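Keep the viewer open as you read.

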Amino acid sequence: MTQQQSQSSTGSSKATPPLVTPPAADFFRGYQLRPGRYDEVFAQPGQLRPHWSRFVQDLNQLGGDEFARRWEHSRLLVHENGIAYSAFGDPNENARPWELDPFPLLIDHGEWSLVASGLQQRAELLNRVLADLYGPQSLISDGILPPEILFLHPGFHRPYHDVEAPAGRWLHNYAADLARGPEGRWWVLADRAEAPSGVGFALENRVVLSRMLPSCFRNTNVRRLAGYFMNVQESLKRLSPRQRDNPRIVLLSQGTASANYFEDAYLARYLGYTLVEGDDLAIRTNEVMLKTLSGLLPVDVVLRRPNSVACDSLELGGHLNHGSPGLLEAVRAKSVGIANALGSGLVESPVFMAYLPALAQHLLQEPLKLPTLATWWCGRADHWQFVRQNIDRLIVKPAFRQRGSDRHRSRQLCRMSRDELLRCIEKSPHEYVAQERAARSTMPRWKKGTFDSVHVSLRAFAWHTGDNYQVLHGGLTRTSSTDDPLEPSVGGGEGSKDTWVLSNAPVEHLSLLPTRGESLRLVRSRGDLPSRVADNLYWLGRHLERADSNARLLRTVAIRITSEAGSARFADLPYLLRCLAEHGQIEPGFAIEGIKDRLPNIEVGLPAAVFDPAQPNSLRSIVESTYGIASRVRDRLSVDSWRAVTHLDANFRRLAGTTPDLSDLLNVVNELIIDLAALGGLVTESMTRTHAYRFVELGRRLERAMQILTLVNSCFIGLTQVPHDLLESVLEIADSRMTYRSRYLANLQLQTVLDLLLTDDTNPRALAYQLVALKDHVTGLPRLSNTPGMTPDQRLVSSLLHLIQMADIEEIADAYAVGDQGPLNTLITDLLTQLPLLSNAVSLRYLVHAGPSQLLSDLTPSSGATDP
């Protein structure tokens, strides 16, 4: 990399320590260095760089087999934690699990000090550029920057101009993509100033690797990451316009549609902030308010993750459903702090890299400490001339970065021929830059029990702490087998590594937990549950219960089909198939007469229908929807609860691309029932009794009530006589067979079965039990203290409970026995009619502003809670 920018750099980022040979580097036998590239581990074959000596010594003592064994356990942790990139992003891309390599990148403390100093300088420089361009614009009037760079920039919006940035600073959060050239010097490939991503993934990488290699981690004196996040918390507190000890800080996310949603949820949980989306916020009298079940609560600071234009649809355009209209006006009124300031992404466009050396001299009166990858802006005549003559050895990119859309354009440019590129640039030269190709360094990657060589780049992070920028002692290392330019997103490349910055002394333990000297006010609960979150928790409860009910029904049917009971096994099967059809698990054509003749088709068609993700009501789709909804409230679930959710989904994904049979069906539903029971136990035993718990339980209890009624209606209404086997099957599906036998032994009667399933409020599977629980949860929801009498939802649940308590099961069973199904049919119909009304009443009272309606029959994970 011998370019114009290197002449403007001090070159101090290059380290030249002496070389040493460690004891027996058997661990890397067969590893090959790539010619002409700087290798991070080896100075030459068999000769380690000094700061790797202790680490490699520990690895040799550990041994390859033990290393591989530990990595298998760590990979399971990565999977269970659901670490994924783009899992809910581009619908044309499959969910991509986060690829972590167990071999970290080590950086010497002396070298890192030079890199950190360069990053601090660069962040301060870009902050001053932003302050000028959104203020006096002297850089343009003085001729340092061409006016076209600002006024043709699609990211420059007039509403940003003359807005006073929070705490007088535009850039709080900064990141840079770095790579090391063949000579060993670190270069800046790109700047990230909008809302830099990746620090959450870096933190999770650290958690996994430090647990996998604890002795190596301690012995090499790895600098901790917690200090950086402690400073982030303190810095955000200082941004609050209201000087409070504990300001309300929210992390604004784009939601599950964002490729970085895992990171948003992870950081919100780690930092202790409320995770919100644009619709969760309302602007009232120029103040940002959080919509909660308890009313509107003032927000002091917003840590934003979306692009600036997606934060305020009123002034900045964009989709009406994105952002919080009026947010920019609240910033003008200084009623809320925000990091980064809206519009800060302007300077991360590649066009600014062509002028950074001159900007550093002008604004800081010093050269860049970290050299910038050589960049030529085609809107400048002499630069365009150079690009035209040297285009074969350059990379052409869009000059102005627009997050979310520039990746596709960059791919198009890479696929163009030389002549196509020249013609494209000729049409609009100011829209393009050309950069030198970066020859990135290499290092070992663990792959299938051995090491191969991969190219690496590093995303480093800095946060302004009041006096200066603090640089994270680590970062997100990305890897790729080829030396092609990495895409700007954190998902670019084939994998990632943890980054260990070493200290020359023992490292102090740090924690984000409060110190003993801090005084905290005792509280029992917080009323800041957003309505959107309550909505998703409600539907999570309903989907969990529906999955359990369908799994139990399918298990009973599969057992009947595969049993050795002979022709007697078909007595209850037609009614159970009818129940499956009404649940949407099979086509109605299966539930007709002549079951015995159609059995071969059922044995093949039933598993196929159950595992078909294209069928909206199949068990596979229900589990998929459950996973999607749980992902939306991931920050509200415990680590163990989330692992249980991922296990639900994994059981079905395991059979993707296969042709499952009844044996597969039985195995999967058995595992699913156990996993759902475990998850239900975690909810019951681990969730504090806050509004979040109540909405999960509201969903579960209401759905279980609906499933009980549907089961009774499908199996008992319309029959001239109830077969003995059908009563046994219904008890089995309702998980009440053991209770029944303990009371009545093997004497099966309709009267006693109906009592156990409908009116017995001591049976956790009975309808009466669900209604008692529903009444308790509805009564516990927030309400206005001056509201007289009962609310509509309270009246409905009380009416439902009264209806079932007043039902005379003996009289209903006697009438049924003489052919009069009217009383049972009337009771079931009334209950099935009123239960959806209860769901709607809860929705209208608490969740109506959470989003569009969601039909339970569709079982698609969208917001809202209105039943058809």
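Start at Asn-286, which sits in the loop between strand 10 (281-284) and strand 11 (287-292); strands here are DSSP runs of E with at least two residues, helices are runs of H or I with at least four residues, and both are numbered from the N terminus. Its phi is near 65°, a positive value in a residue other than glycine. With a relative accessible area of 31%, Asn-286 is partly exposed, a class that lies between buried (under 20% relative accessible area) and exposed (over 50%), using a 1.4 Å probe and protein chains only.

A word on the ground rules: this is a predicted model, in which local features need pLDDT of at least 70 and side-chain atom pairs count only at pLDDT 80 or more, while totals for chains, interfaces and linings use all residues. Residues are numbered from 1 along each chain as its sequence is written, and side-chain values use heavy atoms, with hydrogens and water left out.

Gln-365 is another non-glycine with a positive phi, of about 55°. Look for Gln-365 in the loop between helix 12 and strand 15 (375-377). At 59% relative accessibility, this glutamine counts as exposed.

Strand 13 and strand 14 run parallel and are joined by three bridges; for two strands to count as paired, DSSP has to find at least two bridges between them. Strand 13 is also parallel to strand 8 (residues 249-252), this time through four bridges, and there Leu-252 stands opposite Arg-304. What covers the faces of strand 13 (residues 301-304)? Both are covered: Val-301 and Leu-303 are buried on one side, and Val-302 and Arg-304 are buried on the other.

Now move along to strand 21 (residues 476-480), where five of the five residues are buried, so the strand is largely enclosed by the rest of the structure. Leu-476, Arg-478 and Ser-480 point one way, while Thr-477 and Thr-479 point the other way. Five bridges tie strand 21 to strand 19 (residues 450-464), and the two run antiparallel; His-455 is the residue opposite Ser-480. Strand 21 pairs with strand 22 (residues 495-501) too, over four bridges and again in the antiparallel sense. In that pairing, Leu-476 has Asp-498 as its bridge partner.

Next, the interior. In soluble globular proteins, nonpolar side chains tend to be buried together. The largest nonpolar core in this model has 134 residues, and Phe-55, Leu-178 and Leu-236 touch the most other members; such a core is a set of buried Ala, Val, Leu, Ile, Met, Phe, Trp, Tyr and Cys residues joined through side-chain atoms within 4.5 Å. Helix 3 (residues 109-133) gives the most to this core, with ten residues. Beyond its neighbours within four places in sequence, Leu-178 is in contact (heavy atoms within 4.5 Å) with residues including Val-115, Leu-119, Trp-186, Leu-370 and Leu-458. Apart from this core lies another, of 109 residues, among them Val-557, Leu-655, Tyr-740 and Leu-774.

Helix 16 (residues 531-562) deserves a look as well. Of its 32 residues, 30 are buried, so helix 16 is largely enclosed by the rest of the structure. How far apart are its end C-alpha atoms? They are 46 Å apart, which agrees with the 46 Å that 32 residues should span, the expected value being 1.5 Å times one less than the number of residues.

What about the cysteines? The structure holds zero disulfides, a disulfide being a pair of cysteine sulfur atoms within 2.5 Å. The sulfur of Cys-579 finds its closest cysteine sulfur in Cys-715, at 4.7 Å, which is too far for a bond. Cys-579 is buried, with a relative accessible area of 0%, and Cys-378 counts as buried at 2%.

Finally, step back to the whole chain. Its secondary structure comes to 29 helices and 22 strands, and 57% of its 868 residues count as buried. Among contacts between residues at least 6 apart in sequence, 73% join residues at least 24 apart.
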